[in-house]
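User: Could you walk me through how to read a protein structure? I'd like to go feature by feature.

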Amino acid sequence: MVRFRLSRSLSFVSFVHAVSSIMVLFCFSPAVGISWLAVPDEHTSVEQGRPIFLSWHYKMDDNETFLSSKIGYFEESRLYTSIASRHLGENTYYRYLTKYSILGKNNVALIVNSTKIGNNITYCCQVERKLVGGKKEDRRCSKVFVYAVPRISYYVPKLSCKQSDSIKLQCNTTGLPSPHVEWIHDDTHQRIGSSSDILLNITGKRSRGRYCCDVDNGFGRDTACTVVNVTEYEPVNTRLVVKQKNSGDVIIIHIECNTDASPPSDNFIMSIDDKQYNSSNGVIEVPAPSTDKIYHIAVSCIPFNKYGHGPIRKDVFPVYAPPTFITPLPTLYNMTISGITIKCETKGIPTPNITWMSGDSGDIVSTGIYYNVSYVKCATKTMTFFCHARNVMGNISSPEIRVNVMTKHNCSTVDKGLDETTLTALKLAMITSIACACIFVVGLVVVAVRFRRRIKASKVKNMDENTYGDPIDAVDPEREVPLSPARNTSIEDDYAIVEECGVHTSLSHVKTNVQTAGEEPLYERLVPPEI
């Protein structure tokens with residue numbers, strides 16, 4: 001028991017001394033190591049045929065002693081091969097393999113002049129240095145992959161074949177790594193194979209076109225196309241065309257079946273409303289049923305040649321009828337003052353569009369079955385019209401329709417070259433002239449009345465003043481003329497004639513007073529009579 005405790009205590013003392021020594025070493029010894037200032041990538045790719053350039057730049061730390069530097073490579077077999085080396089005191093690298101170039105000292109570069117030497121080679125720079133307790137090696141490596149851009153070395157640019165043939169599409173390639181091959185039908189963008197050589201079965205015209213070989217290895221891409229021409233194939237693209245044509249009073253339905261085939265189709269199985277027909281050229285004609293309503297026919301066609309039959313084509317087509325007049329149209333109408341309505345009735349499938357046209361001007365004057373012709377007073381000539389009917393099948397025109405105007409009015413002015421419009425203008429001119437004359441006469445009367453009133457006012461003023469400009473009341477009594485005795489006894493007098501300043505004036509007696517015996521006579525004021 002004592003021996004066991006003693007051994008444990010000795011082991012603990014040894015551990016303490018070891019830890020103390022390590023702490024003293026790290027505390028008092030400076031930092032050690034090597035600094036890599038520049039190194040190549042761990043993986044470097046270079047195209048085959050181009051040189052490889054790798055560079056390492058290192059620096060020794062303080063208190064470190066450089067021993068040697070070696071450059072070499074590893075192959076896939078993991079065997080190391082030295083290319084060059086440099087030792088303490090040397091400024092250049094000594095090359096063991098002369099096909100490599102070495103430049104620099106601490107900043108060293110490796111140049112591989114030719115990349116044909118191999119693939120997946122790892123190049124390394126190894127630096128050996130002296131430590132306190134020995135020596136140590138540091139290594140930096142870069143794995144170089146030498147690639148080759150893919151190239152198509154052989155292909156057939158053009159091939160001709162027939163339906164049911166099998167052809168070989170070939171596309172030889174080179175590249176490193178080996179490229180991936182993809183065959184694509186360029187017309188349909190469909191992938192048809194992923195190997196250099198493929199077999200293509202020709203199934204018809206749809207097998208023709210450009211077949212392109214695309215190669216890719218991640219470092220490049222190349223494409224080459226082979227044009228395949230199919231010279232013989234079964235019918236494709238069946239088409240139906242239906243036309244209608246008039247043959248007298250019968251409408252003929254003309255049906256054509258067209259297709260694309262090589263050799264051309266020599267047999268067609270056709271049907272109309274489930275009734276089957278055989279044709280060598282794809283054309284049949286049948287009369288259309290007589291009806292006034294729109295109806296449809298169901299048509300189908302299957303073409304054949306030596307390689308088989310093409311796709312069936314079905315379609316439904318409407319059957320039309322051209323426009324016709326139901327009854328003959330009258331060509332002469334007599335129009336009275338109330339006007340007239342003319343009629344143009346037609347039939348056809350679809351229903352025709354009717355337009356009325358003036359034969360005099362050529363303008364469209366109305367549309368529809370009926371046309372109301374307005375009465376024209378004192379018309380000088382017969383009016384003419386035409387009826388036109390049109391639909392998708394064609395158009396027809398009526399004979400000239402004439403409309404005579406029957407009138408009881410006095411149209412003598414027509415012989416003088418005056419129509420209704422001219423007479424209306426003359427009436428308006430006369431009314432305007434009379435109105436202007438009346439306005440002028442009224443103006444003259446107004447001016448005369450105003451002038452007469454001014455003269456009257458002037459005469460009254462002159463009677464109120466004497467020759468000297470004094471009022472009559474202020475005139476000297478000696479100049480006054482006494483009234484005659486006869487006038488003194490009268491209550492009123494009609495007129496008096498006074499001669500003043502040598503001018504005779506007709507005066508009217510305004511008022512007189514009765515003079516009694518023993519009184520002075522009164523004098524009356526004479527004023528001019530109203531004019």
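This is a predicted model: local features need pLDDT of at least 70, side-chain atom pairs count only at pLDDT 80 or more; totals for chains, interfaces and linings use all residues.

User: Okay, where does T44 sit, and what is it in contact with?

Analyst: A strand is a DSSP run of E, at least two residues, numbered from the N terminus. T44 belongs to strand β2 (residues 43-47). Contact means heavy atoms within 4.5 Å. Skipping neighbours within four places in sequence, T44 touches L54, S142, K143, V144 and F145. With S142 there's a side-chain to side-chain polar contact at 2.9 Å (a pair of N or O atoms within 3.5 Å; within protein, one must be able to donate a hydrogen and the other to accept it, and residues adjacent in sequence count only if both atoms are side-chain atoms).

User: How many residues are in the largest nonpolar core?

Analyst: A nonpolar core is a set of buried Ala, Val, Leu, Ile, Met, Phe, Trp, Tyr and Cys residues joined through side-chain atoms within 4.5 Å. Buried means under 20% relative accessible area, exposed over 50%, partly exposed in between (1.4 Å probe, protein chains only). The largest core here has 25 residues, and W56, Y58 and C125 are among those with the most contacts inside it. Strand β3 (52-60) is one of the elements giving two or more residues, and β3 supplies the largest share, five residues. C125 has contacts including W36, W56 and Y58, leaving aside neighbours within four places. A second, separate core of 19 residues includes C257, I272, A288 and I349.

User: And which residues lie nearest the centre of the second largest pocket?

Analyst: Rolling a probe the size of a water molecule over the atoms shows where empty space is left. Of the 19 residues lining this pocket, D249, I251, S290, T291 and A321 lie nearest its centre. β18 (250-262), β25 (321-325) and β28 (346-349) each supply at least two lining residues.

User: Last one: is A389 buried or exposed?

Analyst: A389 counts as buried, because its relative accessibility is 1%. You'll find A389 in strand β32 (residues 383-391). A389 and W356 are 33 residues apart in sequence and 9.1 Å apart in space, C-alpha to C-alpha.

Terms used
Residues are numbered from 1 along each chain as its sequence is written. Side-chain values use heavy atoms; hydrogens and water are left out. Helices (H or I, at least four residues) and strands (E, at least two) are DSSP runs, numbered from the N terminus. On a 1 Å grid over the protein atoms alone, a cavity is a set of points where a 1.4 Å probe fits but cannot get out, and a pocket is an open set with protein on both sides within 12 Å along at least five of seven lines; lining residues have an atom within 4 Å of a point.
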